Structures are given as C-alpha cells and as structure tokens.
Amino acid sequence: MSGNVRLLDDTLAAAKAEGRSALIAYLPAGFPTVDGGIEAVKAALEGGADVVEVGLPHSDPVLDGPVIQTADDIALRGGVRIADVLRTVREAHAATGKPILVMTYWNPVDRYGVERFTAELAEAGGAGCILPDLPVQESGLWREHAEKHGLATVFVVAPSSRDERLAEITAAGSGFIYAASLMGVTGTRESVGAQAEDLVRRTRATTDLPVCVGLGVSNPAQAAEVARFADGVIVGSAFVKRMLDAPDDAAGVAAVRALAGELAQGVRGRA
C-alpha cells in the first residue's frame, strides 16, 4: 500500500492557493493515553489544523524542550509502543482524511527496521516522517524505502545551516522543509525572531518545496507573524501544554480543538 505523500503535497498546495500558510500541529502518541492521544490528534485536525505530526515518544528527545519531554515521559511510563504510534496515525487519518506524519528520532526506526517501519506507516495511511537527527548523508536507506512506499522525508534546517548545506538538505527532502526558527529546543517563546524569516528566504533559494517554520510559535499573533513569510506554521508545545494544564482528558481534548481554531485564524491573518 502506498502512503499519502501526495495528500500532503496537495494539502500544502491548497493552502498556498488560498493565500495562506498551512497550520501543522504536533502531538505525541500515547499522551495522556493512547486513546486520549488519538482523540487529541483528531481534535487538532477538526479544529483547524491542516496537517498533524504525531510524535514517537523517545527517552532522549534532544530537540524537545521540557513541555514535550514531560508528555513523552508520561507516554513512555504508560507503555506506548510503535504499534500505538501507527494506530494513532491510522485512526486519526481514517477519521479526518487529513495528512499525518510521524516525527521521530532515528534510533527507534533503526531498531524496528526501516523496511518494516515504512511499510507499516504507509499501510496506516501516513504521509511521511520528520527525522530531526538523521544526517542527510546517512539517509539513503531510509529515503529508498520511503519513496518506495509513497512517504515524504522531511528534514530539519536551522539558522546555523550554511547555504551549501541547505542545498544539500533540501535536495534530499520531500513533502516540505522544516525550518527551525532558532537555535535551541522546542517550547513557547515571547518572539519567534527575525532569524526565521532569513532562514526561510535562504532555504527557498535552494528548493521549490514548501518551507514550514517551527519552534516557538504558541499563539495566533505569532502564527500570523510567521504566516507572512512561511508556507506552513508548526505548533507543538502550545498544544501539549494545553493538555498538561487541563483538569482531565476531555477538557484537554477540548482545549486542543479550541487552540487549533485560534491558530487557524492566525495563519489566515485574522489573529
């Protein structure tokens, strides 16, 4: 079965045709429970997100700040497995018809088996993977299997990336390019910063792929700011924090749906 990279491409193109950025939400699988996590992902999509990244919880999430680390710890203590991540993708995609990617560090995929993981992600209806710690020069095996199964390979670029390195990364990627707005880990911040706009400009000079900005966006005003210059706005920690702060799972899901609606207005310039 082929994955949904075409659905991802079409979704991002449709947002561009509407004259706006796409809203991409991130939520970890298994948080607060597997079932609760599935409901949260569906709520983000129903509330207004165009795409969701489902996080594969990891014990050493080097790119993630304390909010997502806390959620990952809850998921891991709850016994989440790769099968639960794939179930999250399958059920959320089946319920909404929207593109869903997995964001994961390389070690779990390597241990699970690249062929097995790509085949099962495609079978679940997944659109691809974001692999923040997989170097492009070591990604050949992954990209071979991802392409075979119709999955996008999304790489991360940073403000420290030199122009020649950007060209190397973007040439190997598909789906979109994840532009980290600043040096550091995920989390909500007062300002996204001017570095992000410069990074998007330099990245666009190397590729026709959409360039989506993440790290630091947490409210509609920031989403509107980033939407001025990026093809997509990626929000993670703000969704997870809404879940963490909620008195119960149902309230958390409702909070995720509400935030997605607010951010969807932001990417349309209506913050």
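T203 lies in helix α9, which spans residues 194-204. This is a predicted model. T203 is buried, because its relative accessible area is 0%, below the 20% cut-off.

**Around T203**
- Setting aside residues up to four places away in sequence, T203 touches V157, L166, T170, I177 and V211.

**Helix α1**
- Helix α1 covers residues 5-17, 13 residues in total.
- From first C-alpha to last, α1 reaches 18 Å, close to the 18 Å expected at 1.5 Å a residue.
- V5, L8, T11, L12 and A15 are the buried residues noted in α1.
- They sit on the same side of α1, because they cover an arc of only 125° around the axis.
- Residues three or four places apart point the same way, because an α-helix has 3.6 residues a turn.
- The face turned away from the buried side of α1 carries R6 and A17, both exposed.
- Strands β1 (22-28), β2 (51-55), β3 (100-103) and β5 (152-154) pack against the buried residues of α1.
- G19 follows α1 and has a positive phi, near 75°.

**Nonpolar core**
- The largest nonpolar core holds 89 residues.
- F117, W142, F176 and F239 have the most contacts inside this core.
- Helix α12 (residues 249-267) gives the most to this core, with seven residues.

Terms used. Residues numbered from 1 in each chain as written. Predicted model: local features only at pLDDT ≥ 70, side-chain atom pairs only at ≥ 80, totals over all residues. Heavy atoms only, no water. Helix = DSSP H or I, 4+ residues; strand = E, 2+ residues; numbered from the N terminus. Buried < 20%, exposed > 50% of the residue type's maximum accessible area, 1.4 Å probe, protein only. Contact = heavy atoms within 4.5 Å. Expected span 1.5 Å × (residues − 1). Arc of directions from axis to C-beta. Core = buried A, V, L, I, M, F, W, Y, C linked by side-chain atoms within 4.5 Å.
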